[in-house]
Amino acid sequence: LTVRNGKPGDRIHPLGMRGHKKLHAIFIDKKIARNERDRWPLLESHTEITWIPGLVRGACAKISSATQRVVRLTVNPLPENRKLC
């Protein structure tokens, strides 16, 4: 698992939806301000985005009867004036 920021052209296959959707479209749909989008963390597994915290979970992260392991993650927002790097 990798936590990273978005890159131009990133897509996710949202749980319960056919096909993929661009991150840009998700941020617009969820009304995330442009200046916050670059700081939004993404969880990636084997080059596929599995989770956009607080917004969308990817279909590849679906828990089913075939699931062998589950990872539980939480995300806490940084204070307004803090940056990761």
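Before placing any residue, I note how elements are named: helices (H or I, at least four residues) and strands (E, at least two) are DSSP runs, numbered from the N terminus. With that in hand, I find T74 in the segment after β6.

Housekeeping next. I am working with a predicted model, where local features need pLDDT of at least 70 and side-chain atom pairs count only at pLDDT 80 or more, while totals for chains, interfaces and linings use all residues. Residues are numbered from 1 along each chain as its sequence is written, and side-chain values use heavy atoms, with hydrogens and water left out.

**Entry 1: the fold**

I count 2 helices and 6 strands in the protein chain. Reading along the sequence gives me β-β-β-α-α-β-β-β. The C-alpha atoms fill a box of roughly 45 × 25 × 20 Å along the principal axes. For burial I use relative accessible area with a 1.4 Å probe and protein chains only: buried is under 20%, exposed is over 50%, and partly exposed is in between. By that rule, 24% of the 85 residues count as buried.

**Entry 2: salt bridges**

My criterion is a side-chain nitrogen of Lys or Arg within 4 Å of a carboxyl oxygen of Asp or Glu. How many salt bridges does the structure hold? I get 3.

I started with D10 and R4, whose closest N and O atoms are 2.9 Å apart. D10 is buried at 11% relative accessible area, and R4 is buried too, at 15%. R4 also meets E44 in a salt bridge, again 2.9 Å from N to O. E44 sits in strand β4 and R4 in strand β1 (residues 2-4), so this pair ties together parts that are 40 residues apart in sequence. I put E44 down as buried, at 14%.

The remaining pair I looked up is D29 with K21, at 2.5 Å from N to O. Here D29 is partly exposed at 45%, and K21 is partly exposed at 24%. Shared partners join R4, D10 and E44 into one network.

**Entry 3: the second largest pocket**

A pocket, on a 1 Å grid over the protein atoms alone, is an open set of points where a 1.4 Å probe fits, with protein on both sides within 12 Å along at least five of seven lines; lining residues have an atom within 4 Å of a point. Its volume is the space filled by probe spheres set on the points, which are joined across faces, edges and corners.

I read about 510 Å³ for the second largest pocket. Which residues lie nearest its centre? Of the 15 lining residues, they are L1, L43, T50, A61 and V71. Both β4 (42-45) and β5 (48-52) supply at least two residues of the lining. I sorted the lining into 9 nonpolar, 3 polar and 3 charged residues.

L73 lies in the segment after β6 (56-57) and is partly exposed, at 38%. Back to T74: buried or exposed? I mark T74 as exposed, since its relative accessibility is 64%. From T74 to E48, 26 residues apart along the chain, the C-alpha separation is 19 Å.

Methods. Ala, Val, Leu, Ile, Met, Phe, Trp, Tyr, Cys and Pro count as nonpolar, Asp, Glu, Lys and Arg as charged, and the others, Gly among them, as polar.
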